[in-house]
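Please read the following note alongside the sequence and the model. The points are numbered so that each may be checked in turn.

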Amino acid sequence: MNDWIEPCARTSESAYSIEQVERGRKLVSRDDLLTNEKQRTRLEIGDLLLEVAPLDNDEPSKGSSDTMTRFAAEIGIDMRSAREYRCVASGFGGTMRHALAESGVTVSYSVVREASIGFSLPKDEREQQCQARWDILLGMVREPGRRRVTAQEFRAAIGARPVPNSASAMTPTKIVEQLGRPEVRSAVMESVMAPEFLVEAFAADPMVELKIRDTLAQLAQVTGSNAGGPNSEETLEDRLVLQFRRRVNLLRSLVEMHPEQVLNIADDETLNDLEKTCESVMHWAQRLHSARTSGKAGVR
């Protein structure tokens, strides 16, 4: 759900309200921006889809498929995701949600999805075995000292077959351990040093570039090379430029947001502040351009 989908035109005799559409768009925007809230957000999207297009004995009710197709397009998600979120929300009942919330243990969305739908179970066994899966999950979150349940841990606990070719089934520690293999390390280094990867990484967080420079400086002290830079004065200047670049990238990431997303997220006070700030930026940009073209770097 990273690509924004333009809302389609609504029919005058819609099966859902404008308020439901607005709520759905806000949830989709939240799912894009708050990656650590995906379980909560996607369950709320699923609950909303159940309101709009209910299930009847775990099957779509008459006419609900067409309704959900239109609604999903309006809030900006594809039908595959919409069906999944609705099914997960239906299988993850209020009692179980409350129990997991009260435990204080972090449970990934992938775990809840596996327990609710049971992708690895034969279709005719899902209903009988899903309750057993919830019982296993409850036992895991009640373990002393338990802080989180990962998809890999849960699948191992329920005896599910590994997900083929799925990097998400490996913990970060296991992935890092693979760097001990020369061919893996070589492939990773080649990928990481690719210009397109570095451009994307620096754009996402300019501090990455700062960390790389720090690492090179430490390496220079060990090897005696000049990889870290000619002298400390230039390194300090580089730090200043990088800190400023970070602010520029934050501004860029803001203006690249779709206006619909901004309206779905911000309240009136924030929107007013944003509009005033944009006006200030326009005047500031004009002064910057004027100072730059005239060569007057000291203009205030």
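**Note on the predicted model**

1. Of the protein's 300 residues, 26% count as buried, where buried means under 20% relative accessible area, exposed over 50%, and partly exposed in between (1.4 Å probe, protein chains only). The model is a predicted one, in which local features need pLDDT of at least 70 and side-chain atom pairs count only at pLDDT 80 or more, while totals for chains, interfaces and linings use all residues. Residues are numbered from 1 along each chain as its sequence is written, and side-chain values use heavy atoms, with hydrogens and water left out.

2. The protein has 15 helices and four strands; these are DSSP runs numbered from the N terminus (helices: H or I, at least four residues; strands: E, at least two). A contact means heavy atoms within 4.5 Å. Among contacts between residues at least 6 apart in sequence, 60% join residues at least 24 apart.

3. Two packed helices are described by the angle between their axes and the distance between the axes. Here the axes are lines fitted to C-alpha atoms, for helices over the stretch in contact, and angles run from 0 to 180 degrees between N-to-C directions. Helix α2 (residues 38-52) packs with α4 at an angle of about 90°, the axes being 7 Å apart. The two helices are therefore roughly perpendicular (65 to 115 degrees; under 35 is roughly parallel, over 145 roughly antiparallel, and the rest oblique). On the α2 side the contact includes R42, L43 and I45, and on the α4 side it includes A82, Y85 and R86. By class, this contact has eight nonpolar, two polar and three charged residues. In this scheme Ala, Val, Leu, Ile, Met, Phe, Trp, Tyr, Cys and Pro count as nonpolar, Asp, Glu, Lys and Arg as charged, and the others, Gly among them, as polar.

4. Helix α4 (residues 79-91) also packs with helix α6 (residues 109-117), at an angle of about 75° and with the axes 8 Å apart. This pair, too, is therefore roughly perpendicular. E84, Y85, C87, V88 and G91 of α4 meet Y109, V112, R113, S116 and I117 of α6. The contact of α4 with α6 has six nonpolar, two polar and two charged residues.

5. How many aromatic pairs are there? The count comes to three, with rings of Phe, Tyr and Trp (its six-membered ring) pairing if their centres lie within 6.5 Å; planes under 30 degrees apart are stacked, over 60 edge-to-face, and the rest tilted. The rings of Y85 and Y109 have centres 6.0 Å apart and planes at 85°, so this pair is edge-to-face. Y85 lies in α4 and Y109 in α6, so the pair ties together parts 24 residues apart in sequence. Both Y85 and Y109 are buried.

6. The rings of F92 and W134 have centres 5.0 Å apart and planes at 10°, so the pair is stacked. F92 is in the loop between α4 and α5 (94-103) and W134 is in helix α7, 42 residues apart. F92 is buried at a relative accessible area of 2%, and W134 is buried at 5%.

7. Helix α7 (residues 126-141) also holds L138. L138 is buried, with a relative accessible area of 14%. Leaving aside residues up to four places away in sequence, L138 touches M96, A99 and L100.

8. The count of disulfides is zero, a disulfide being a pair of cysteine sulfur atoms within 2.5 Å. C87 is partly exposed at 33% relative accessibility, and C278 is partly exposed at 40%.
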